[in-house]
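Visitor: Hi, could you walk me through this structure? I have some questions ready.
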Amino acid sequence: MELDVLRGMSMLWEDFLHLPRAAHFVLISAYSGLLGSFINVCIWRIPRGESIIYPRSRCVHCKHVLMPPDLVPILSYLVMRGRCRHCSQPVSFRYVVVEFI
């Protein structure tokens, strides 16, 4: 069973390597943004003793729960011009920096 999983992962890696370079850039950028977004959650919640799973992400000003389109790393920040969709308060640029790194 474990050997089958390793073989499957190896095949996925080989398939990834055969993709065009532009696809590498898009996939790695998307993964990095998601990882950066999760790191932002950890940076904000762990020092406050909050769970990193529950409750869902929310605006730090109005406490409105963020919807999936609001959670797309970097892109949602640009589309909303760095402001909360609900209360229009500014969102810290720190989030974008951590997601970009």
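Guide: Happy to, and we can go through pockets, surface, charges and backbone in turn. One thing to keep in mind is that this is a predicted model.

Visitor: Good to know. How much space lies in the largest pocket?

Guide: The largest pocket holds about 820 Å³ of space. Its lining is made of 37 residues, and the closest to the centre are Ser57, Arg58, Leu66, Leu71 and Tyr95.

Visitor: Which helix gives the most to that lining?

Guide: That would be H2, with seven residues in the lining of the largest pocket. Helix H2 spans 21-45, and H3 (75-79) and H4 (94-100) join it in each supplying at least two residues.

Visitor: And how do the lining residues divide into nonpolar, polar and charged?

Guide: There are 21 nonpolar residues in the lining of the largest pocket, along with eight polar and eight charged ones.

Visitor: Let's switch to charges. How many salt bridges does a search of the whole structure find?

Guide: The search finds two. As background, side chains of opposite charge can pair when their charged atoms come close.

Visitor: What does arginine 58 form a salt bridge with?

Guide: Its partner is glutamate 50, and the closest N and O atoms are 3.2 Å apart. Arginine 58 is also among the residues closest to the centre of the largest pocket.

Visitor: Where do those two stand on accessibility?

Guide: Arginine 58 counts as partly exposed because its relative accessibility is 26%. Glutamate 50 is partly exposed too, with a relative accessible area of 28%.

Visitor: Is aspartate 70 buried or exposed?

Guide: Aspartate 70 is buried, because its relative accessible area is 15% and the cut-off for buried is under 20%. Arginine 85, at 44% relative accessibility, counts as partly exposed.

Visitor: New topic: which residues form a nonpolar patch on the surface?

Guide: The patch is formed by Tyr31, Leu35, Phe38, Ile39, Ile43, Ile46, Ile52, Ile53 and Tyr54. Together they have about 960 Å² of accessible area.

Visitor: Tell me about tyrosine 54. Why does it count as exposed?

Guide: Tyrosine 54 counts as exposed because its relative accessibility is 63%, and exposed means over 50%. You will find tyrosine 54 in the loop between H2 and H3.

Visitor: What about the peptide bond from tyrosine 54 to proline 55? Cis or trans?

Guide: The bond is cis, with omega near 0°. Proline 55 has its place in the loop between H2 and H3.

Visitor: While we're on the backbone, which residues should I look at for positive phi?

Guide: Lysine 63 is one of them, with phi near 65° although the residue is not glycine. Lysine 63 is placed in the loop between H2 and H3. Arginine 81 has a positive phi as well, about 55°, and is not a glycine either.

Visitor: Where does arginine 81 lie?

Guide: Arginine 81 is in the loop between H3 and H4. At 75% relative accessibility, arginine 81 counts as exposed.

Visitor: How many residues apart in sequence are arginine 81 and proline 47?

Guide: They are 34 residues apart in sequence, and in space the C-alpha to C-alpha distance is 28 Å.

Terms used
Residues are numbered from 1 along each chain as its sequence is written. This is a predicted model: local features need pLDDT of at least 70, side-chain atom pairs count only at pLDDT 80 or more; totals for chains, interfaces and linings use all residues. Side-chain values use heavy atoms; hydrogens and water are left out. On a 1 Å grid over the protein atoms alone, a cavity is a set of points where a 1.4 Å probe fits but cannot get out, and a pocket is an open set with protein on both sides within 12 Å along at least five of seven lines; lining residues have an atom within 4 Å of a point. Grid points are joined across faces, edges and corners, and a volume is the space filled by probe spheres set on the points. Helices (H or I, at least four residues) and strands (E, at least two) are DSSP runs, numbered from the N terminus. Ala, Val, Leu, Ile, Met, Phe, Trp, Tyr, Cys and Pro count as nonpolar, Asp, Glu, Lys and Arg as charged, and the others, Gly among them, as polar. Buried means under 20% relative accessible area, exposed over 50%, partly exposed in between (1.4 Å probe, protein chains only). Patches are made of residues with over 30% relative accessible area and no salt bridge: like charges are joined within 9 Å, nonpolar side chains (Val, Leu, Ile, Met, Phe, Trp, Tyr) within 5 Å. Accessible areas come from the Shrake-Rupley method with a 1.4 Å probe; for residues, only the protein chains shown count as cover. A salt bridge is a side-chain nitrogen of Lys or Arg within 4 Å of a carboxyl oxygen of Asp or Glu.
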